Amino acid sequence: MAIAIEKGSILVHRVFDIGGEISLMKAGQILSAGGTRLKFPTDIRKAMIIRESPLKADLGEETLSLPSGRYPGHVFARIWNYGVLSVTLELAIPPGTDWDRLVKIASELETSEEMDLIAVSRKDALKKRIMPAVENPAEWEIFEDYITYIIEKAPGIESPREFIKNVDVAALILAEPRERISEDNRAFILESAMQYSATDLALIDWNSALLIEPDGQRDVADVIEFSLTHLLEFRYYDEMLGRKLDQLYDTMDQKRESVVNIFRNVYADIAEDSSRKYMEFSEFLGRVENSLKTVGDSYLA
């Protein structure tokens with residue numbers, strides 16, 4: 001059955017680690033002085049408590065060129081106090097877009113080099129402006145990417161569970177317009193669907209999510225973006241600790257070969273450095289656990 005989407009949007013995220021911490025107050029002062037429209041989000045559901053809400057910066061309009069056409073959009077960034085910038089391009093789904101075309105757009109977005117160039121360019125410009133507010137600036141070459149599809153109006157959307165049975169959700173989530181997805185994979189993806197009310201639905205996968213939100217709510221989209229920032233930080237610490245452990249093992253092997261140096265303080269230095277990294281990581285875990293709380297809302301949790 002052909003289903004035409006009447007209203008919806010696509011959030012294309014790129015998340016970057018640019019330093020140790022960012023003073024949001026100082027960053028806000030810098031950007032306000034330069035005329036950037038700013039916002040400390042206050043529209044998130046009261047069941048969510050963010051310890052230090054990110055600073056949202058409006059970065060203006062952008063048109064993304066894909067093989068299927070040119071898509072005008074809006075760019076905004078969120079500045080997180082733990083050293084992360086998330087850059088988002090919001091594209092409106094053209095009214096009347098059928099599901100096959102949406103899947104084709106998804107495939108093109110997944111492989112779009114232009115999207116990466118746009119995000120990196122906007123990130124670099126914003127980072128340059130707020131650098132005085134960044135403590136221990138050091139950018140990691142790895143970044144997170146994610147796509148959230150939000151459908152607000154379409155035939156049959158008032159019954160979300162039935163709606164996702166009538167469209168190829170797996171093809172959209174996997175951005176696969178050509179291959180026929182196996183029934184096992186389809187069932188596995190559909191199993192993750194969750195509902196808060198009878199009229200909304202969230203289906204969240206590793207690289208993308210489908211949200212059915214007739215009221216236009218962005219709570220779930222905000223939680224997804226929030227989670228991406230912490231996923232990036234976990235990946236950073238995982239890579240750093242792995243690198244430190246390799247150095248530790250290499251040094252210990254070298255010292256075992258040297259009888260003369262075996263009783264020197266090198267092991268104490270290694271142990272001290274390892275303990276310092278462990279404490280740093282433990283502090284980060286504590287910040288993660290305390291940064292977002294949900295109060296009586298298992299859906300957002």
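These legends walk you through a predicted model, starting with the whole chain and then moving to two close-ups.

Figure 1. The chain has 301 residues, and 45% of them count as buried. Its accessible surface comes to about 15800 Å². Carbon and sulfur atoms account for 51% of that surface. Now look at who touches whom: among contacts between residues at least 6 apart in sequence, 74% join residues at least 24 apart.

**Figure 2. Here helix 1 packs with helix 3.** Helix 1 covers residues 24–33, and helix 3 covers residues 113–130. The two pack at an angle of about 105°, and their axes lie 9 Å apart. Angles of 65 to 115 degrees count as roughly perpendicular, so that is how helix 1 and helix 3 are described relative to each other. To find the meeting place, look for A27, I30 and L31 on the helix 1 side, and for L126, R129 and I130 on the helix 3 side. Sorted by type, the residues of this contact are 5 nonpolar and 1 charged, with no polar ones.

**Figure 3. This view zooms in on T148, a residue of strand 11.** You will find strand 11 at residues 144–153. Because residues under 20% relative accessible area count as buried, T148, at 0%, is buried. Who are its contacts? Leaving aside residues up to four places away in sequence, T148 touches S9, I10, L11 and H13, and also A209, L211 and I224.

Technical notes:
Residues numbered from 1 in each chain as written. Predicted model: local features only at pLDDT ≥ 70, side-chain atom pairs only at ≥ 80, totals over all residues. Heavy atoms only, no water. Axes fitted to C-alpha atoms, helices over the stretch in contact; angles between N-to-C directions. Helix = DSSP H or I, 4+ residues; strand = E, 2+ residues; numbered from the N terminus. Parallel < 35°, antiparallel > 145°, perpendicular 65-115°, else oblique. Contact = heavy atoms within 4.5 Å. Nonpolar A, V, L, I, M, F, W, Y, C, P; charged D, E, K, R; others polar. Buried < 20%, exposed > 50% of the residue type's maximum accessible area, 1.4 Å probe, protein only. Areas by Shrake-Rupley, 256 points an atom, 1.4 Å probe, with all protein chains shown as cover.
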